[in-house]
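Thanks for coming. Please have a look at it first.

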Amino acid sequence: LRAGANIYNLVDEMRRFAKQEQPHYEIKLTSVIDALERLLHFIRFDHLFKSRKIIKEFENIPLIPLNEEKFGQVMINLLRNAAQATQEYHGEIILRVLSHLNHVQIDVEDNGCGISEGDLEKIWEPFFTTKGDDGTGLGLDICRRIVEEHHGTLTCRSELHRGSTFTIHLPIPQSA
């Protein structure tokens, strides 16, 4: 049931992307840590993660405004990309959550193949992919759009043959 909902959300997001529509989903105060724990429980069934190590580095952080389904869609995409970039049985993915004064930082760091300097800016362009026939080139653009709809930012730093780190910054409400 959950997998079907995730597929529906992805198709809906692609439709919204194609039509340049604004989002129509509910945002409520949510625990990022709880959302990530539920997501990690869910993805353990994905074959990509059976032969890779996920290291959690979670700080205690306040509740932030979030649509958990859309956030989950972003995180699944970033985690799957990290897993695909790493080698089986040697791949490590660090999922880090840090609290700063006015924002939460979420890092997805891998020890994979990295992204060349020439491709680093292109990864955000629609339909650009380094995965050949296995990729649509829409995932990161959709992820960035969802993060921006949450008033956050999504960035990447990478070093070829060393790995990549995708970083999300999401605002902490002033009353938190």
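Two residues are in contact when heavy atoms of theirs lie within 4.5 Å of each other. Keep in mind that this is a predicted model.

Take I106 with that cut-off. Leaving out residues up to four places away in sequence, I106 touches V32, F71, M75, L95, R96, V97, F166, T167, I168 and L170. I106 also belongs to the largest nonpolar core, which has 43 residues. Together with V32, F71, M75, L78, F166 and I168, I106 is among the members that touch the most other members. Which helix gives the most to this core? That is α4, with 8 residues. As background, nonpolar side chains in soluble globular proteins tend to be buried together.

Now to α4 itself. Helix α4 covers residues 68–85, 18 residues in total. From first C-alpha to last, α4 reaches 25 Å, close to the 26 Å expected at 1.5 Å a residue. At its start, a side-chain oxygen of N67 comes to within 3.2 Å of the backbone nitrogen of E69. The buried residues of α4 include F71, M75, L78 and L79, and also K70, Q73 and N81.

Next, the sheet. It is open and has 5 strands, in the order β2-β4-β5-β7-β6, with mixed pairing. Which strands stand at the edges? They are β2 and β6, and each has a single partner strand, so one side of each is left without a neighbour in the sheet. From one strand to the next, the twist averages 15°.

Helix α2, residues 32–43, lies across β2, β4 and β5, and runs at about 170° to β2. Helix α6, residues 139–149, packs on the sheet and touches β6 and β7, with its direction at about 140° to that of β6.

Last, a single residue, S51. Where is S51 found? S51 sits in the loop between α3 and β2. Is S51 buried or exposed? Its relative accessible area is 7%, and buried means under 20%, so S51 counts as buried. The side chain of S51 makes a polar contact with the side chain of R52, at 3.1 Å. Not counting residues up to four places away in sequence, S51 touches Q87, E88, Y89 and H90.

That is the tour.

Terms used: Residues numbered from 1 in each chain as written. Predicted model: local features only at pLDDT ≥ 70, side-chain atom pairs only at ≥ 80, totals over all residues. Heavy atoms only, no water. Helix = DSSP H or I, 4+ residues; strand = E, 2+ residues; numbered from the N terminus. Expected span 1.5 Å × (residues − 1). Buried < 20%, exposed > 50% of the residue type's maximum accessible area, 1.4 Å probe, protein only. Polar contact = N/O pair within 3.5 Å; in protein donor to acceptor, adjacent residues only side chain to side chain. Core = buried A, V, L, I, M, F, W, Y, C linked by side-chain atoms within 4.5 Å. Pairing = 2+ DSSP bridges. Axes fitted to C-alpha atoms, helices over the stretch in contact; angles between N-to-C directions.
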